[in-house]
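Reader: Before we discuss this chain, could you take me through the terms used for it, and set each value against its definition?

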Amino acid sequence: MHESSIQTIAHPPIEMRWSSGLVFEIGRPNGPQVRIDGKGTTAPTPFDMLIGAIATCASVDVLTILEKQRTPVRELTVRIDAQRLDATPRRLTAAVLHFSITAPGSTPAKATRAVELAVTRYCSVRSSLIADAEITWTVDLTA
């Protein structure tokens, strides 16, 4: 498939509002909000949210895959061990997602395959990190 033939869809807008200090609220307009703290004192940091989003995105797909296999998940946790560059920007360089799944009737092979598919094929957050996504910006300053 040539890049010019790839179809795109708009994602609903997200608003971020500064609260105080390095604390922000983020979410869809008129929707639920999540607090993010640049210092990690009162809420997760932006980086915490990033790696948490990878695990959450993959977990949504793991739940769906195992449900389709008729081995629904009773319990799911993911511990994320991440590595960051020790220079600015301190970007993500590697992450290991440690899945702990309770799914009666499933097998280690099926659960492992579900995680593999979720992480490598279906997780849009992970794919966005390795994709060549154009990021632009606008500024509206009120002085």
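Author: In helix 2, the buried residues are Ala111, Ala114, Val115, Leu117, Ala118 and Val119, where buried means under 20% relative accessible area, exposed over 50% and partly exposed in between, with a 1.4 Å probe and protein chains only. This is a predicted model, in which local features need pLDDT of at least 70 and side-chain atom pairs count only at pLDDT 80 or more, while totals for chains, interfaces and linings use all residues. Residues are numbered from 1 along each chain as its sequence is written, and side-chain values use heavy atoms, with hydrogens and water left out.

Reader: What covers the buried residues of helix 2?

Author: The cover includes helix 1, strand 5 and helix 3 (124-130), and contact here means heavy atoms within 4.5 Å. Helices (H or I, at least four residues) and strands (E, at least two) are DSSP runs, numbered from the N terminus.

Reader: What makes strand 2 and strand 3 a pair?

Author: Two strands pair if DSSP finds at least two bridges between them. Strand 2 (residues 23-27) and strand 3 (residues 33-37) are joined by five bridges in the antiparallel sense, and so they meet the definition. Within this pairing, glutamate 25 has arginine 35 of strand 3 as its bridge partner. Strand 1 and strand 2 also run antiparallel with five bridges, and serine 20 stands opposite valine 23 in strand 2.

Reader: Why are strand 1 and strand 3 said to stand at the edges?

Author: The open sheet has the order 1-2-3, with antiparallel pairing. Strand 1 (15-20) and strand 3 each have a single partner strand, so one side of each is left without a neighbour in the sheet. Neighbouring strands of this sheet are turned by 25 degrees against each other on average, direction ignored, with axes being lines fitted to C-alpha atoms (for helices over the stretch in contact) and angles running from 0 to 180 degrees between N-to-C directions.

**Backbone exceptions and a charge over a ring**

Reader: What makes asparagine 30 worth noting, and is it buried or exposed?

Author: Most residues other than glycine have a negative phi, and most peptide bonds are trans. Asparagine 30 is not a glycine, yet its phi is positive, about 60 degrees; it is found in the loop between strand 2 and strand 3. With a relative accessible area of 86%, asparagine 30 is exposed. Arginine 70, in the loop between helix 1 (46-68) and strand 4, likewise has a positive phi of about 60 degrees although it is not a glycine, and at 75% relative accessibility it counts as exposed.

Reader: Which peptide bond is cis, and where does its proline lie?

Author: The bond from threonine 88 to proline 89 is cis, with omega near -5 degrees, and proline 89 lies in the loop between strand 4 (75-84) and strand 5 (92-102).

Reader: How do you know that the charged end of arginine 84 sits over a ring?

Author: The rule asks that NZ of Lys or CZ of Arg be within 6 Å of the ring centre and within 35 degrees of the ring normal. The charged end of arginine 84 is 3.8 Å from the centre of the phenylalanine 47 ring and sits over it.
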